[in-house]
Amino acid sequence: MTAIHEQRRLGRTSLSATTLGLGTTAIGGLYTATSEESAAETMQTAWDLGVRFFDTAPQYGNGMAEQRLGAFLRKKPRDRYVLCTKVGRLLRLPENPQGEDAYYKGTPPERPVFDFSYDGVMRSVEDSLTRLGLERIDVLHIHDPDMHYGEALDGAYKALDTLRREKSIGAVGVGMNQSEMLAEFARNGNFDCFLLAGRYTLLEQGALKELLPLCVEKNISIIIGGVYNSGLLADPRAGAKFNYEDADKALVDRAIELETVCLRHGVPLKAAAIQFPLAHPAVTSILTGARSHEEMIENDALFRQPIPSSLWEELRAKGMIAEGAPTT
């Protein structure tokens, strides 16, 4: 078994996360169904490679990701890992089923219903504990409250703050695909960490201007998801995904240019993409969304691969990464 990845503190809490974590959208069947056997093998491979930080959500596979992750973690010592899940969506059977989920394949029939109220969040936590089959959750994130900021702050945040004060959970966060609202949460609540997906990557550094400096100031840890921007930085070509949709030509061309520079320095684009965000002092962990044993091994190797400083220097000189983005 490989040594455990470096561990970094989550904000001001007593929790520490490994710098490489496992996100569970893929083992929940994002875009393509994933078998129970493959999901179990992926999680075991992550564990064997030293990953001790696991992120899930009710929405991922409509409960299936939580069930699979819980079944795996129940066999591990509870003090050896940190577990995150999310609130803001309750899983309910629809009155008028509309067929397969638009994003998650091979999933149970329940579908997510938005609920950022205090009571709804408390129900969500109990439901998650039941699906996980565990006695506690370490980190709870408010999940994508883009159109529900007021309710999330007045309801969901107060519920999570209550659970934190009762020591039922160790950390309170928000998980989003945008940085602007996370900055608002940082100003108006007492948060320990944020999960930021896709907005601080080798392709896009919008969070660098406001959110990341604010998080350094307030000691809020950033967990980075979506380092490959939904797939574009994993395989830059026409038809690749960006923000869960087909990427436009300008973005594909930029990703191809990034890959060209990386290969000139003998570095796979994916290695640069998975390592780049971790250099920022606000960033604690990078989530890999592996769906198979092979993908997990590859991502771990890419995460550990040495990268020459000359690569970052050329990317900066070409204006392909922001001037203020740290690379070491």
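Guide: What follows starts with the cores and ends with a helix pair. The model is predicted, so local features need pLDDT of at least 70 and side-chain atom pairs count only at pLDDT 80 or more, while totals for chains, interfaces and linings use all residues. Residues are numbered from 1 along each chain as its sequence is written, and side-chain values use heavy atoms, with hydrogens and water left out.

A nonpolar core is a set of buried Ala, Val, Leu, Ile, Met, Phe, Trp, Tyr and Cys residues joined through side-chain atoms within 4.5 Å; buried means under 20% relative accessible area, with a 1.4 Å probe and protein chains only. The largest such core has 90 residues, and Ile142, Phe194, Leu202 and Ile222 have the most contacts inside it. Its largest share, seven residues, comes from helix H4 (residues 149-165), a helix being a DSSP run of H or I of at least four residues, numbered from the N terminus. Apart from this core lies another, of twelve residues, including Leu15 and Phe53.

Contact means heavy atoms within 4.5 Å. Leaving out residues up to four places away in sequence, Phe194 touches, among others, His141, Val174, Leu211 and Ile222.

Now the helix pair. The axes of H2 (residues 64-73) and H3 (residues 118-132) come within 7 Å and cross at roughly 55 degrees; axes are lines fitted to C-alpha atoms over the stretch in contact, and angles run from 0 to 180 degrees between N-to-C directions. Glu66, Gln67, Gly70 and Ala71 in H2 meet Ser128, Arg131 and Leu132 in H3.

Notes. Buried < 20%, exposed > 50% of the residue type's maximum accessible area, 1.4 Å probe, protein only. Helix = DSSP H or I, 4+ residues; strand = E, 2+ residues; numbered from the N terminus.
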